[in-house]
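Here is a short tour of one structure, written for someone who likes to keep the coordinates open alongside.

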Amino acid sequence: MARLRLGLWQSPGELDGVEARLAWLRVQCEASPGLDLALLPELFLSGYNAGPAALSAAADQMPALLASVAALARTHGLALAFGYPERAGDALYNTACLIDATGTVQLRHRKRVLPPGFEATCFAVGERAPEVVALCGVRVALLVCFEVEFPEAVRALARADAELVLVPTALGDAWGIVAQQVVPTRAFENSLFVAYANHAGVEQGERYLGESCIVSATGACLARAGAEPTRLFAEIDTDIIAPWRARLPFLAQSAALRPTTG
């Protein structure tokens with residue numbers, strides 16, 4: 001039996017600068033005792049719609065800022081997953097990472113599918129497939145925003161025995177179908193849990209949908225935010241996965257639908 005106490009923190013889009021974001025994160029940690037893991041949005045530490053120059057400048061501050069986040073994780077005995085701009089050589093990546101309760105980075109994933117718009121010119125494309133690690137006995141993986149909208153991405157993680165997929169996102173208010181229908185479908189068709197953390201409010205003219213959610217392996221929504229900043233909580237109980245996959249064996253039977261070559 002593996003159970004994980006998950007928090008999802010839908011942050012205000014208008015947080016001004018990396019120090020304000022770190023201060024807000026500190027308040028959430030202090031206000032949420034008893035959690036094993038908390039998930040935050042895409043590019044949380046810099047802001048998503050901050051602009052290319054601000055994202056580049058924020059990336060230069062990330063080593064020190066990540067050390068501060070690791071210290072928060074240790075202080076509160078809490079794993080933290082979040083997005084940030086990562087510089088590697090001359091390249092800038094839209095990256096998500098998972099820091100465990102000891103302050104150790106367990107996962108780092110660079111976004112591999114960049115949507116049309118500023119991301120395609122601001123960020124380099126990640127080259128490595130996401131990995132799966134055990135956290136509190138639960139097999140956890142990371143995707144970033146647009147990636148979860150591709151069935152292949154979540155199916156590959158399900159085949160790698162992931163039980164919980166963490167998705168930091170920056171979903172605008174024109175795309176409600178993603179949070180309301182696509183994300184629950186990804187959980188249902190792969191019989192795994194999906195946590196989807198969005199921003200709220202407005203950032204530099206970009207209005208976010210909110211509607212962060214935690215979805216069960218059955219496709220049922222365990223917790224869902226509205227449009228305002230908030231904290232969500234749910235227990236991830238992986239005992240339901242095996243019987244649910246036996247009842248609806250999508251993974252086992254999908255091989256029969258693969259095209260054959262003649």
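## A mixed sheet from β6 to β13

In this predicted model, six strands make up an open sheet with mixed pairing, and their order is β6-β7-β8-β9-β12-β13. The edges belong to β6 (132–135) and β13 (221–224); each has a single partner strand, so one side of each is left without a neighbour in the sheet. From one strand to the next, the twist averages 20°.

At the β13 end, strand β12 (residues 213–215) is joined to β13 by three bridges, and the two run antiparallel.

## A second open sheet and its helices

Another six strands form an open sheet, also of mixed pairing, in the order β5-β4-β3-β2-β1-β14. Here β5 and β14 are the edge strands, each pairing on one side only. Neighbouring strands of this sheet are turned by 30° against each other on average, with direction ignored.

Strand β4 (residues 91–99) pairs with β5 in the antiparallel sense over five bridges, and A96 stands opposite H109 in β5. Helix α1 (residues 18–30) packs on the sheet, where it touches β1, β3 (79–88) and β14, and its direction makes about 140° with that of β1. Helix α2 packs on the sheet as well, touching β3 and β4, with its direction at about 150° to that of β3.

Leaving aside residues up to four places away in sequence, L98 touches L37, A79, L80, A81, T104, V105, Q106, L107, V133, L135, V140 and L142.

## Charged pairs across the chain

How many salt bridges does the structure hold? There are 11. As background, side chains of opposite charge can pair when their charged atoms come close.

R3, E235 and D237 are linked in a network of salt bridges. The side chains of R3 and E235 meet at 3.6 Å, N to O, and this pair links distant parts of the chain, with R3 in strand β1 (residues 3–10) and E235 in strand β14 (residues 230–237), 232 residues apart. R3 also meets D237 in a salt bridge, at 3.4 Å, N to O. Because R3 lies in strand β1 and D237 in strand β14, the pair ties together parts that are 234 residues apart in sequence. R3 counts as partly exposed at 42% relative accessibility, and E235 is likewise partly exposed at 42%, whereas D237 is buried, with a relative accessible area of 17%.

Another pair to check is K111 and E42, whose side chains form a salt bridge at 2.9 Å, N to O. K111 sits in the loop between β5 (105–110) and α3 (118–122), while E42 sits in the loop between β2 (37–39) and α2 (52–76), so this pair links parts of the chain that are 69 residues apart. Are these two residues buried or exposed? K111 is buried, with a relative accessible area of 1%, and E42 is buried at 0% relative accessibility.

Key: Residues are numbered from 1 along each chain as its sequence is written. This is a predicted model: local features need pLDDT of at least 70, side-chain atom pairs count only at pLDDT 80 or more; totals for chains, interfaces and linings use all residues. Side-chain values use heavy atoms; hydrogens and water are left out. Contact means heavy atoms within 4.5 Å. Two strands pair if DSSP finds at least two bridges between them. Helices (H or I, at least four residues) and strands (E, at least two) are DSSP runs, numbered from the N terminus. Axes are lines fitted to C-alpha atoms, for helices over the stretch in contact, and angles run from 0 to 180 degrees between N-to-C directions. A salt bridge is a side-chain nitrogen of Lys or Arg within 4 Å of a carboxyl oxygen of Asp or Glu. Buried means under 20% relative accessible area, exposed over 50%, partly exposed in between (1.4 Å probe, protein chains only).
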